[in-house]
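Take a look at the model below.

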Amino acid sequence: MTVSTTTSRVTYTGDGSTTSFPVPFPFFDETEIEVVERVIATGAETIKAITTDYTVAGGAGTTGTVTAVSAPASTVQWVIRRVTAQTQLVDYTPNDPFPAETHEQALDRGCMRDQELSERIDRAVTIPVTDPSSVVTELPSSVDRASKFF
């Protein structure tokens, strides 16, 4: 397999009747899919629970489908994202034949984790590349910043 898309999340707005949501990016296991429900009016977010709120079909390195137990209302969005496990389970045995498929899957998992990190970094607050590297980017403690703007 190859990872031919850089997409690692998709957003759907509920309509009160649709329960099937395509996952257009590859993933390996149902536990590596996270569904976050966002209330459109307030921005409040809730992480949905697999089997309780939705099921997942597909995976094993391909795309799939998230199926809601109850159709999301038109007042919410579902953000479906890949959260690849940050483990490396491939163990090569010296002098054994080279397992190309196993090796490729390990590379694919690494690529998927890179994409997920890139998507998070794209949403992060950053400082300009031209600022000096001595700029302090650590926030004060929660006590010191309480009731203050960022």
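This is a predicted model: local features need pLDDT of at least 70, side-chain atom pairs count only at pLDDT 80 or more; totals for chains, interfaces and linings use all residues.

A residue counts as buried when its relative accessible area is under 20%. Phenylalanine 21 has a relative accessibility of 3%, so it is buried.

Now the rings. The structure has four aromatic pairs. One of them joins tyrosine 12 to phenylalanine 21. Another pair is tyrosine 54 with tryptophan 78. Here the centres lie 6.5 Å apart and the planes stand at 75°. Planes over 60 degrees apart count as edge-to-face, so this pair is edge-to-face.

Where do tyrosine 54 and tryptophan 78 sit along the chain? Tyrosine 54 belongs to strand β5, residues 54-58, while tryptophan 78 belongs to strand β7, residues 76-82. The pair therefore ties together parts that are 24 residues apart in sequence. Both tyrosine 54 and tryptophan 78 are buried. Tyr12, Phe21, Tyr54 and Trp78 make up one aromatic cluster.

Next, the core. The largest nonpolar core has 14 residues. Val23, Ile33, Val35, Val66, Trp78 and Ile80 touch the most other members. Five strands each supply at least two residues of this core: β2 (20-27), β3 (33-39), β5, β6 (62-68) and β7. Strand β2 gives the most, with four residues.

Setting aside neighbours within four places in sequence, isoleucine 33 contacts residues including Val23, Phe25, Tyr54, Val66 and Ile80. Its contacts also include Arg81 and Arg82.

Is arginine 82 buried or exposed? Its relative accessibility is 2%, so it counts as buried. Arginine 82 and valine 23 are 59 residues apart in sequence, yet their C-alpha atoms are 9.2 Å apart in space.

What surrounds arginine 82? Beyond neighbours within four places in sequence, its contacts include Thr7, Ser8, Phe25, Phe27, Glu32 and Met112. Gln115 and Glu116 are also in contact with arginine 82. Its side chain makes a polar contact of 2.6 Å with the side chain of glutamine 115. A polar contact of 2.7 Å joins the side chains of arginine 82 and glutamate 116.

Notes: Residues are numbered from 1 along each chain as its sequence is written. Side-chain values use heavy atoms; hydrogens and water are left out. Rings of Phe, Tyr and Trp (its six-membered ring) pair if their centres lie within 6.5 Å; planes under 30 degrees apart count as stacked, over 60 as edge-to-face and the rest as tilted. Buried means under 20% relative accessible area, exposed over 50%, partly exposed in between (1.4 Å probe, protein chains only). A nonpolar core is a set of buried Ala, Val, Leu, Ile, Met, Phe, Trp, Tyr and Cys residues joined through side-chain atoms within 4.5 Å. Contact means heavy atoms within 4.5 Å. A polar contact is a pair of N or O atoms within 3.5 Å; within protein, one must be able to donate a hydrogen and the other to accept it, and residues adjacent in sequence count only if both atoms are side-chain atoms.
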